[in-house]
Amino acid sequence: LNDWVLDKFGWLFSITELAMVITCLVTYLSPLGRSRIGGENASRILTPWLWVSITLCTSLAVGIMFWSTAEPLYHLH
């Protein structure tokens, strides 16, 4: 099933990924990218370093949780 999905829809995954990257760039460069969530007088609760740390740790945790179940099943298949 995995090979079939990749054969039939691999192009769609690639186009979707490219569209998401372009959407992020357009949003960042547009006036929407300069808006501040919470209004003009909003202050930061976390520093940029803490945001990076949280994002990195969360991404690693999700990857470990996914692959701890998916990889054995993939090799078993």
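The chain has a radius of gyration of 19 Å, whereas a compact globule of 77 residues would come near 11 Å; the radius is taken over C-alpha atoms, and the globule rule is 2.2 Å times the number of residues to the power 0.38. Along its principal axes the C-alpha trace spans about 55 × 25 × 15 Å.

This is a predicted model, in which local features need pLDDT of at least 70 and side-chain atom pairs count only at pLDDT 80 or more, while totals for chains, interfaces and linings use all residues. Residues are numbered from 1 along each chain as its sequence is written, and side-chain values use heavy atoms, with hydrogens and water left out.

The secondary structure comes to two helices and zero strands, taken as DSSP runs (helices H or I, at least four residues; strands E, at least two) numbered from the N terminus. Helix H2 covers residues 48-76, and its end C-alpha atoms are 42 Å apart, which agrees with the 42 Å that its 29 residues should span at 1.5 Å a residue. That expected span is 1.5 Å times one less than the number of residues. H2 bends by about 35° at Trp67, the bend being the angle between axes fitted to the seven residues ending there and the seven starting there.

An unreviewed UniProt entry lists residues 12-33 and 45-67 as "transmembrane region"; such annotations may be inferred rather than shown by experiment. In the model, residues 12-33 are 82% helix and 0% strand, with end C-alpha atoms 27 Å apart. Residues 45-67 are 87% helix and 0% strand, and their end C-alpha atoms lie 32 Å apart.

| Pocket | Volume | Lining residues |
|---|---|---|
| Largest | about 290 Å³ | Arg36, Ile37, Ala42, Ser43, Arg44, Ile45, Leu46, Pro48, Trp51 |

A pocket is an open set of points on a 1 Å grid where a 1.4 Å probe fits, with protein on both sides within 12 Å along at least five of seven lines; lining residues have an atom within 4 Å of a point.

How values were computed
Points joined across faces, edges and corners; volume = space filled by probe spheres on them.
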